[in-house]
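Biologist: Can you walk me through this one? Keep it brisk, please.

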Amino acid sequence: MAEHTRRTVLKSAAVTAGGAALAARAPAAAGAAAVSIQPAQTAEITLSVNGRRRAVSVETRVTLLDALRERLGLTGTKKGCDRGECGACTVLVDGERVKSCLTLAVMRQGSEITTVEGLADGDRLHPVQEAFIRHDAFQCGGCTPGQIMSAVACIEEGHTGSDEEIRQWMSGNLCRCACYQNIVAAVADAAGEVRR
Amino acid sequence: MKPFGYTAVRDTGEAVRLASRTPDAAFVAGGTDLLNLMKDGVARPGHLIDVNGLDLAEVTETPAGLRIGGLARMRAVAGHAAVRRGWPVLAEALLASASPQVRNMASIGGNLLQRTRCGYFRDTGSPCNKRVPGSGCPAVEGWNRGHAVLGGSDACIATHPSDLAVALLALDAVVRVRGTAGERKVPIGDFYLRPGATPHVENVLRPAELITAVEVPRSATARRSRYLKLRDRATFEFAVVSVAAAVDLRGRRVRDVRLAFGGIGTTPWRSPEAEAALRGNDLTAESVARAGRALVRDAEPRHDNEFKVELVQRALAELLEELR
């Protein structure tokens, strides 16, 4: 008999009959009907995660972070503080890095979401992932998925001109093991790699 | 979080109508402050009105100045070429705020409406006149290192945490708001209210009103403007004290000047007295010191925050030196 972990229980509990179905967010269109969900009602929403459309049943209170971890089983994205202070939950939404604990899943209907699970190309790691290994840029690993997602965006934004600039633009990601030296080195190295 | 309903609106008129007829409704844009307040039980809206689908995110340069949509994100405004050129204090204040992730999410309107970082306000186990009117203020006699030395009352000495608001105050910005009765304009200097006996009323917004835009006039002072933020760590932290200064200099002579401060007042703090000490005079160590003394003349420091009285004067001197 399969052993039930907290995770599998939550996953199966999430597969319940849905309530309201949400239409994908369109650019502002005057006259388009508002989408409404009542308190404690479950809504069927669609999230596009790592290139795949995924249907999820969520109550309004479910953050994007909890939808990814507890409903879709994508536990690479970590829950640290759940208050937007540590950055462990960083994911890309429509190409921009955000803290997934500070946004509701229902607010991200129709958005393109990239998590740490979506970076590698098959067995080939993303250059930022390779650089984190090469530079030993983690100890416990709790902050690492968030650091890596933030670094991918930081490089894309062009904020890797100096170690000082990297420190400034990676400041939304805390590391309680204080691997900052190696994280900065990894980001600088990966930035060169990505540009090549 | 207590259960709440949710509506994603597509039209500004619909947003304010829905807000006006829904009890306990709150607008949500970035959600970066509101969600924390809801998780901690400090805010308990019964319904969220998601305004992200509204067409209010544009930043445009006009002959009169700058028009920033209420839903423009902090990152978009901070990185806007016209903002950096004509209103550098605005870009600097935004880049000194929060973290890159939060700046991607948080809206300009929401930034102006963020709630205080006072620990007693954010802890539902503590009394707080701002959260539960009439329950008392533990900060007045308690842990008040981060609190205001100007504009306080016996009921509340909490500061407003927005860096953006301080910069906008030095730029004579105007907030455009829309309610069921139509649109109106509020100068940023009139937008925030001192606590007095009603610290739970923080601004002049009426029920169901939504910030649609912020207008920032073009000026010589705006072009020569800077922001200095002093905090307990190098970045990703709220201000202990901050200064926004905008000056129009002819040689060393101050033709015009705007000075606004964060971390020292219960609202973003403008000091006409400090400005008067500089306007028409040469910018010298003496005139700057006079301006600093004028700024803190009525300061009422508490047990843990007396250092701010000296610190803010030094911050002002430092920033004006850079602007000279």
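Modeller: Below we go through the chains, their interface and a few local spots.
Modeller: This is a predicted model, where local features need pLDDT of at least 70, side-chain atom pairs count only at pLDDT 80 or more, and totals for chains, interfaces and linings use all residues. Residues are numbered from 1 along each chain as its sequence is written, while chains are lettered from A and ligands numbered from 1 in the order in which they are written.

Biologist: How many helices and strands does chain B have?
Modeller: Chain B has 14 helices and 12 strands. Helices (H or I, at least four residues) and strands (E, at least two) are DSSP runs, numbered from the N terminus.

Biologist: Why is chain B called as compact as a globular protein of that length?
Modeller: Its radius of gyration is 19 Å, close to the 20 Å that the globule rule gives for 324 residues, so chain B is as compact as a globular protein of that length. The radius is taken over C-alpha atoms, and the rule is 2.2 Å times the number of residues to the power 0.38.

Biologist: What box do the C-alpha atoms of chain B fill?
Modeller: Roughly 60 × 50 × 35 Å, taken along the principal axes.

Biologist: What percentage of chain B counts as buried?
Modeller: 54% of its 324 residues. Buried means 20 or more other C-beta atoms within 10 Å of the residue's own; exposed means 12 or fewer, and partly exposed is in between, with C-beta atoms placed from the backbone.

Biologist: And chain A?
Modeller: There, 44% of the 196 residues count as buried. Chain A has 6 helices and 7 strands. Along the sequence they run α-β-β-β-β-α-β-β-β-α-α-α-α.

Biologist: Which strand of chain A pairs with S1(B)?
Modeller: Strand S2 (residues 35–37) of chain A, in the antiparallel sense over 3 bridges. Strands pair if DSSP finds at least two bridges between them. Ser36(A) stands opposite Thr7(B) in S1(B).

Biologist: New topic. What does UniProt place on chain B?
Modeller: An unreviewed UniProt entry places "domain: FAD-binding PCMH-type" at residues 1–221 of chain B. Such annotations may be inferred rather than shown by experiment; positions use the numbering here, and feature names are shortened. That span of chain B is 29% helix and 19% strand, and its end C-alpha atoms lie 45 Å apart.

Biologist: Where is Arg67(B) found?
Modeller: In strand S5 (residues 65–69) of chain B. Arg67(B) counts as partly exposed because it has 17 C-beta neighbours inside 10 Å. Leaving aside neighbours within four places in sequence, Arg67(B) is in contact with Thr60(B), Thr62(B), Ala213(B) and Glu215(B).

Biologist: Back to chain A. Which residues of helix H3 are buried?
Modeller: In H3 (residues 127–134) of chain A, they are Pro127(A), Val128(A), Gln129(A), Ala131(A) and Phe132(A). The buried residues of H3(A) pack against helix H4 (144–157) and helix H6 (180–195) of chain A.

Biologist: What comes just after H3(A)?
Modeller: Asp136(A), which takes a positive phi of about 55°.

Note on methods:
Two residues are in contact if their C-beta atoms, placed from the backbone, lie within 7 Å.
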